[in-house]
Amino acid sequence: MFLTIDLAFIIEKLILIVVVVSASLVIAMYATFAERKVAAILQDRRGPNRAGPFGLLQPLADGIKLFFKEEIIPNFSSKALFILGPALAMLTAVMTSAVIPWGDKVHFFGRDISLQIADINIGILYVFGVVSLGVYGIMIGSWASNNKFSLLGGLRAASQIISYELAMGISLIALLMITGSLSLKEMVLQQQAGHWNIIYQPLGFLIFLICAFAECNRTPFDLPEAENELIGGYHTEYSSMKLGFYLFSEYINMFISSVIMATLFFGGYDMPFVNEASFSPNMAALIGIAALMGKVVMFLFFFMWVRWTIPRFRYDQLMHLGWRILIPLALFNMLATGGVILYFHK
Amino acid sequence: MQALTNRVKAVDRKPMSLLERMYLPGIIKGMMITFSHIFKKKPTINYPEQKRPFSPVFRGLQILNRDEEGRENCTACGLCAVACPAEAITMEAAERQAGEEHLYREEKYAAKYEINMLRCIFCGLCEEACPKDAIYLSETFTPADYQRKQFIYDKNDLLIPHPKENPEAYSKALGNRPKKESVN
């Protein structure tokens, strides 16, 4: 036998994958609920409160409703692509969670189990690659709909992603110059030992944050689905759970980008003012997960808070902001960071 | 040009300052405003659980009244039907037979009494016209049904519960009706 397969390793990773994917699905589900609640509270309303205590079963009811809706595939659409669109959107949304370190490690059955599905050395590049693929779901879906409103939505999504991906990447380069590593785990370990990256990269974080809003198609950058000009944007022709997949993938994307921002700039699973080494490894991992989730919840609230405060950009304003403000700012940030690093020989 | 009123406000058309053009301070200001709304009192009333108090002159669905012994007040005089501007009320009179004294207060009673709730405009003129305090407008409202014909309420729907046989439902139906000590 030349190839020894560590069966326990495979099982361990399989369980981790199932847990992470289902957890991100559940969180996305409740993010829809939280969105409605936050919107209601910010507007002096009550929000959903009929299904279950405090309306907690509302996302379940919504899901059931979506499943029972009539499934419509328009005659004039290209069917294979029409189905591929939401599937791809969902797939790429879920795939991103693979490289995120959810915690340090737990100790079970005499094994150290890392709470990260894959600690690849180009983690952040993988995230970028998959997130960029995510727009294909929108583009394919909008193209397959064969509807001018959908197509306009898809066009907007594509050009928006291109414009903001650039600034996002450049702002990240400045961060990578400091960390010197592309592995997300490595970045968290560095931040755990030293300071959070937000201290070194406030401008970079701001640019990254704005671009993350644009990548998630969230208000004020939700032009692809601007309902008052494009009906439903790219998902105009979609119904039933295919529409559900599109809406859902938006929330998963939001969750994932919250996790990424927390990991890159806010120390990931590092709990501030607590020395993790003083706890047992399992306890420390639990604290780590809780810390990460706390940060994520804060970011999610921020996403929603912004959505219910700021109106949508005009299209030319969006392009102006992306190309003529954020990219020069990101370049400046990169050069300044490089200069400082060079000067102090850090 | 001379201003026509003293409420004229000059529009500021100065070019935006750097701070304004940076856009972020404006966003932060706006977000603080929305954040402050988290702590504001919500004006919404949780309807089926909570109800807004009615004014004492609220006019809801009609109720046919009984006296303290549970006898129907209505004598089928038809004044309410005459007063009704929407012509929603129809009735048929009948003579009280011997042995029915515990059912009807006077010698004549309404054998059939119908109000078409889709015609009714809840003006309360029937209540004003009634000399026997036999009909009044309650605080019940929002009737709902699947068929239009169900909205023609007959005596079963309109009569107040019997005060002796079903005192609980009677007092509930009576509500906090303020006026009228019984007119005889």
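Begin by selecting the largest nonpolar core of this predicted model, a set of 82 residues in which those with the most contacts are A:Ala167, A:Cys211, A:Ile252, A:Phe255, A:Leu300 and A:Leu326. Then colour helix α10 of chain A, which gives the most to this core, with 13 residues. As background, nonpolar side chains in soluble globular proteins tend to be buried together.

Next, centre the view on A:Ile252 and, leaving aside its neighbours within four places in sequence, look for the residues in contact with it, which are A:Ser24, A:Ala28, A:Ala93 and A:Val94.

**Helices α8 and α10**

To see where they touch, show the side chains of A:Phe205, A:Phe208, A:Leu209, A:Ala212 and A:Glu215 on α8(A), together with A:Ser257, A:Met261 and A:Phe265 on α10(A). If you colour this contact of α8(A) with α10(A) by class, you will find six nonpolar residues, one polar and one charged.

**Helices α3 and α4**

Now select residues 79-95 of chain A, which form helix α3, and residues 123-145 of chain A, which form helix α4; here the axes come within 7 Å and cross at roughly 165°. How are α3(A) and α4(A) placed relative to each other, roughly parallel or roughly antiparallel? They are roughly antiparallel, and the crossing of α3(A) and α4(A) is left-handed. Among the residues that make this contact are A:Leu81, A:Phe82, A:Leu84 and A:Gly85 of α3(A), and A:Val130, A:Leu133, A:Gly134 and A:Tyr136 of α4(A). Coloured by class, the contact of α3(A) with α4(A) divides into 15 nonpolar and six polar residues, with no charged ones.

**Helices α1 and α2**

Move on to helix α1 of chain A, residues 7-42, and α2(A), whose axes come within 9 Å and cross at roughly 105°; these two helices are therefore roughly perpendicular to each other. At the place where they meet, select A:Met29, A:Tyr30, A:Thr32 and A:Phe33 in α1(A), and then A:Gln58, A:Pro59 and A:Asp62 in α2(A). The contact of α1(A) with α2(A) has four nonpolar, two polar and one charged residues.

While you are here, pick A:Ile64, which is found in helix α2 of chain A, residues 58-68. Is A:Ile64 buried or exposed? A:Ile64 is exposed, because 11 other C-beta atoms lie within 10 Å, and a residue counts as exposed at 12 or fewer. Drawing a line from the C-alpha atom of A:Ile64 to that of A:Met283, which is 219 residues apart along the chain, gives a separation of 37 Å.

**A residue in helix α12**

Select A:Gln317 in helix α12 of chain A, residues 315-344. A:Gln317 is also exposed, with 12 other C-beta atoms within 10 Å. From A:Gln317 to A:Leu84, 233 residues apart in sequence, the distance is 32 Å, C-alpha to C-alpha.

**Turning to chain B**

Finally, bring both chains into view and select the place where they touch, where ten residues of chain B are in contact with eleven residues of chain A. On the side of chain B that touches chain A, there are four nonpolar, four polar and two charged residues.

Terms used:
Residues numbered from 1 in each chain as written. Chains lettered and ligands numbered in written order. Predicted model: local features only at pLDDT ≥ 70, side-chain atom pairs only at ≥ 80, totals over all residues. Contact = placed C-beta atoms within 7 Å. Helix = DSSP H or I, 4+ residues; strand = E, 2+ residues; numbered from the N terminus. Nonpolar A, V, L, I, M, F, W, Y, C, P; charged D, E, K, R; others polar. Core = buried A, V, L, I, M, F, W, Y, C linked by C-beta atoms within 7 Å. Buried ≥ 20, exposed ≤ 12 C-beta atoms within 10 Å, placed from the backbone. Axes fitted to C-alpha atoms, helices over the stretch in contact; angles between N-to-C directions. Parallel < 35°, antiparallel > 145°, perpendicular 65-115°, else oblique. Left-handed = near helix turned anticlockwise from the far one by under 90°.
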